[in-house]
Amino acid sequence: MFLTNRRTKGEVAFDFLNNLGMLLICFVTLYPIWYVLINSFNDGQDAMLGGIYWWPRVFSLENFEAVFNSPGIMTAMWVTVAKTLLGVAAHVFFTAMVAYAFSRKELIGGKFYILMGTITMIFSGGLIPTYLLIRDLHLLDTFMVYIIPVLFSFFDLIIFMTFFREIPDGLEEAGRIDGASDWTIFLRIVLPVSMPVLATIALFHGVYQWNDYFAGIIYVNQESLQPVQTFLYRVVAQSSSNIMTTALQGSAVTKTVTSQSVKLATMVVTTLPIVFAYPFLQRYFVKGMMIGSIKG
């Protein structure tokens, strides 16, 4: 008897519909991004006529010129970059450190701490108590208001803790035989073999830090400390793009730049950096980081 790999009509139909559905989902997800991108590269006055769906009709870089020449945009960009880099490093290290302690079986009261942390995931103190706490900590109008309040996340702790518990006990036992302390084991053994989870949490928190505009609106009044997403919020919230064109009044650029075109260009400028960061972190999302770390 010969076995054949012929597929039934039902299987073929299922695969066709499944692929068609996935392509449709991809199109619905990606097309709005493409629409914003092509319109940001189109002449603002021409874009007001509509009918731009696939390619820029009148290619122009004046929208981006208006963005980069607007007062405060570069300062806001540097604030965003600084708070993202520093915030990710501090958040990942502090959360990983606490999660390592929680993953230890000998931790006294571990179940109680986990219960308390779980409650904080369900219930929040609210905006007003949080604002009063930030004020009493003297964090208003300071750069550290972007770092300290989000230094720890119990949700991220659960991810870290689950990963740490899967690390073979033999790794830590070998370190203790060599006289390593808890800090040495954590820094030189646990963290190096935890790159996948470190990269995952770094990506999660990095996206949060880059996209966060709420903290800049509520806790910061100084424009020099506001991130680029808060800057974008101000542009989108206003009915005109006076923020963007104050420095360009009377120039040739303002004749073709419109409020809508500047908003789209600002969205592209503030979104692309975090999109480009994904490929560099994807290589860490693999299994088998500890294959061969223990023999025997």
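Biologist: What makes the backbone oxygen of Tyr213 and the side chain of Thr230 a polar contact?

Modeller: In this predicted model, the backbone oxygen of Tyr213 lies 3.0 Å from a polar atom of the Thr230 side chain, and because a polar contact needs a pair of N or O atoms within 3.5 Å, one able to donate a hydrogen and the other to accept it, the pair qualifies. Thr230 itself has its place in helix α12 (residues 228–237), and, not counting residues up to four places away in sequence, Thr230 touches Tyr213, Gly216 and Ile217.

Biologist: Why is Thr230 called buried?

Modeller: Its relative accessibility is 2%, and buried means under 20%, so Thr230 counts as buried.

Biologist: How do you know that Asn42, which is placed in a loop, counts as buried?

Modeller: Asn42 has its place in the loop between α1 (9–40) and α2 (44–47), but its relative accessibility is 0%, which is under the 20% limit, and therefore Asn42 is buried. The side chain of Asn42 reaches the backbone nitrogen of Arg57 at 2.6 Å, and, leaving aside neighbours within four places in sequence, its contacts include Pro56, Arg57, Val58 and Asn63.

Biologist: What makes Tyr100 and Phe186 buried?

Modeller: The relative accessibility is 8% for Tyr100 and 2% for Phe186; because buried means under 20%, each of these values meets the definition.

Biologist: Why are Phe102 and Tyr113 an aromatic pair, and what makes the pair tilted?

Modeller: Their centres are 6.1 Å apart, within 6.5 Å, and the angle of 40° between the planes falls between 30 and 60 degrees, so the pair is tilted. Phe102 belongs to helix α4 and Tyr113 to helix α5 (residues 110–122), 11 residues apart.

Biologist: What makes the charged end of Lys83 sit over the ring of Tyr146?

Modeller: The charged end of Lys83 is 5.1 Å from the centre of the Tyr146 ring, and this distance is within the 6 Å that the definition asks for.

Notes: Residues are numbered from 1 along each chain as its sequence is written. This is a predicted model: local features need pLDDT of at least 70, side-chain atom pairs count only at pLDDT 80 or more; totals for chains, interfaces and linings use all residues. Side-chain values use heavy atoms; hydrogens and water are left out. Buried means under 20% relative accessible area, exposed over 50%, partly exposed in between (1.4 Å probe, protein chains only). Rings of Phe, Tyr and Trp (its six-membered ring) pair if their centres lie within 6.5 Å; planes under 30 degrees apart count as stacked, over 60 as edge-to-face and the rest as tilted. Helices (H or I, at least four residues) and strands (E, at least two) are DSSP runs, numbered from the N terminus. A charge sits over a ring if NZ of Lys or CZ of Arg is within 6 Å of the ring centre and within 35 degrees of the ring normal. Contact means heavy atoms within 4.5 Å.
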